[in-house]
Each structure stands twice: as structure tokens, then as C-alpha cells.
Amino acid sequence: MSSRKYRKYNSRLERMAHIVVDGVVRITDAINSKEFSRTGIKNAVRALRKGRLVGKIGRPAAVVGEKEQRVMDIIHIEAKSGTCLTLKKTRELIENVINDNDDEDAPFTEVSMSATYGFVKRHPELKTGTPKNLDINRLAVSCRSVLKPWYKTLDELHEKFHYNPALITNIEESSTRVPTDSKRLVVHTADTKAGFSKEPQRMINSTFVAAVAADGYAFPSVILWPSAKLPEELKSLLLPTLEIWANESSWMDNVCL
């Protein structure tokens, strides 16, 4: 089942579970409708009656109550200090909190990665993402404390001068260099530096540039090739919607603009 079909199925399942819990329809009638599996509807109804999210067909949460709050508090503290946990480290944290009890003979409870994903999804203040590697100059201007005032000033100028939408363009550039660190991190919204990391030394790369105006017009895409002159073998690759420019730095600069 595709992710889109699964979301639609899960949404219908949750609505049916609410109808059963409210007493409008009997659970046997919901099962006899053949739209949902017997196990799925029973688990979904059981989840709602216990105050849990239906999630993946009523799957129980890995950690709840006071221990769940302890996990969130630790992630929040780590985020305030500028540290993000990987999903593996988050799973280990949940396991440590769950198994932290006075009974030394209690069996060790393991937490799966799917349960860790479920924990992150249940908390809107948590997100997952792969950090971008930036050099120190780009890193310094990519933080929220710099970007937020800039966007605020841009909004004020637009309200004052009413710029033509055709002259407002969003330009996005993406390097083709393979990132050195592709681990996904659990990011707390309290961390304003998450999502970026300092890279060691600048490596040679080409850059794909896309631009779209506020009126919906899409400019031809551009590849900035890191050389003084465009190689002959690349000239035959030119398309109506794609251009290749020679640029020694391979980054957008005043000449490219």
C-alpha cells in the first residue's frame, strides 16, 4: 500500500473507531462492513478508549506518562545546548528511560525503530532531518536569528512599495556534492542551529539553480559548472529548459544574477 493510500485508510479507520466509541455503530457492524480488518478496527477502538492516538492501526506507544515527559525533557535540554540526537540515540534514550526502575530482576524492554519514529511523530515539536554541510561563512548567515529579521524587513518593504510579483523571484541552489554526513537527526524546535553543520574544506562541486517568480513563471534551470570555460562535451546537453554556465566558484554570484 502506498503512503498516500495508507494515510487515507488510516484516516477512515480512525473516523470509524470514533463512531464505534461514541456508540453510533456497533463494532461487529464495523467489522462486517469488510472495509477494515477485524484486528485493525479492534486495535483502533482499544487505542481510543485508552486515550492513545490510533497511529498505525492502534499500535501502542513505546513510552507514556511520566517517562514520556522525561524523554521529552532530556531532548529539550539537549536541543537548548545545541545538540541533536540521531534516531538511534533517541531509541537508546527511550530504552534507558523505560528500563530505569528499582526492580533489578525486571526484563529489559527493547524499543524498535518504528516505535521511535512513532514517538517523534506524536510530538509536533520534534522533527527529523538530515543536516546540510555548509562552510563557515554560509553557516553564519543560515541561522534563524539572522533570517527572521531579514524576512520581516522584506515583508515591510513589500507592504510599503507593493512590488510587482513578476519581479519577486525565489532562487534555490543545490550542490551536487555528496554530503559527508547523511545521518538523520531528531530536531527539537527549541534548537535554532539544528539542520546545519560546519564542513571541513571546500570540495569541488557543480550547482543546480532553479528560480520561480511570485507570479508563477519558472525560469530555465541552470547548472553552474566549476571551470573558466564550458567543456565541449557539455555543450551538446543544452535543452530549452536547462542551461549550463561556466563559473569558477560554481556558486551564484553577482555575475550570474
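Which helix is Ile 75 found in? Select Ile 75 and see: it is found in helix α4. Helices (H or I, at least four residues) and strands (E, at least two) are DSSP runs, numbered from the N terminus.

Before going on, a word on the model. It is predicted, residues are numbered from 1 along each chain as its sequence is written, local features need pLDDT of at least 70, side-chain atom pairs count only at pLDDT 80 or more, and totals for chains, interfaces and linings use all residues. Side-chain values use heavy atoms, with hydrogens and water left out.

**The whole chain**

Show the whole chain. It has 9 helices and 9 strands. Of its 257 residues, 27% count as buried. Buried means under 20% relative accessible area, exposed over 50%, and partly exposed in between (1.4 Å probe, protein chains only). The chain exposes about 17700 Å², and carbon and sulfur atoms supply 55% of that area. Accessible areas come from the Shrake-Rupley method with a 1.4 Å probe; for residues, only the protein chains shown count as cover.

Return to Ile 75. Ile 75 counts as buried because its relative accessibility is 3%. Leaving aside neighbours within four places in sequence, Ile 75 is in contact (heavy atoms within 4.5 Å) with Leu 85, Thr 90, Leu 93, Phe 119, Leu 126 and His 188. Pick out His 188. The C-alpha atoms of Ile 75 and His 188 are separated by 7.1 Å, though the two are 113 residues apart along the chain.

**Helix α6**

Select residues 113-122, helix α6. Which residues of α6 are buried? Thr 116, Phe 119 and Val 120 are buried. They sit on the same side of α6 because they cover an arc of only 95° around the axis. That arc is taken from the directions from the helix axis to the C-beta atoms. Show what covers them: α4 (65-80), α5 (87-98), β2 (126-129) and β5 (185-188) are included. Then zoom to the start of α6. A side-chain oxygen of Ser 112 reaches to within 3.2 Å of the backbone nitrogen of Ala 115.

**Salt bridges**

How many salt bridges does the structure hold? It holds 4. A salt bridge is a side-chain nitrogen of Lys or Arg within 4 Å of a carboxyl oxygen of Asp or Glu.

- Select Arg 122 and Glu 68. Their side chains meet in a salt bridge (3.1 Å, N to O). The pair links distant parts of the chain, with Arg 122 in helix α6 and Glu 68 in helix α4, 54 residues apart. Glu 68 is buried at 16%, while Arg 122 is partly exposed at 24% relative accessibility.
- Select Arg 70 and Asp 100. Their side chains meet in a salt bridge too (3.2 Å, N to O). Arg 70 is in helix α4 and Asp 100 in the loop between α5 and α6, 30 residues apart.
- Select Lys 89 and Glu 92. Here the N to O distance is 3.9 Å. Being 3 residues apart in helix α5, Lys 89 and Glu 92 are separated by about one helical turn.

**Last stops**

Select Tyr 151 in helix α8 (residues 144-161). Tyr 151 counts as partly exposed, at 49% relative accessibility.

Finish at Ser 221 in strand β8 (residues 221-225). Is Ser 221 buried or exposed? Ser 221 is buried, with a relative accessible area of 17%. Beyond neighbours within four places in sequence, Ser 221 is in contact with Phe 208, Val 209, Thr 241, Leu 242 and Glu 243.

Key:
Polar contact = N/O pair within 3.5 Å; in protein donor to acceptor, adjacent residues only side chain to side chain.
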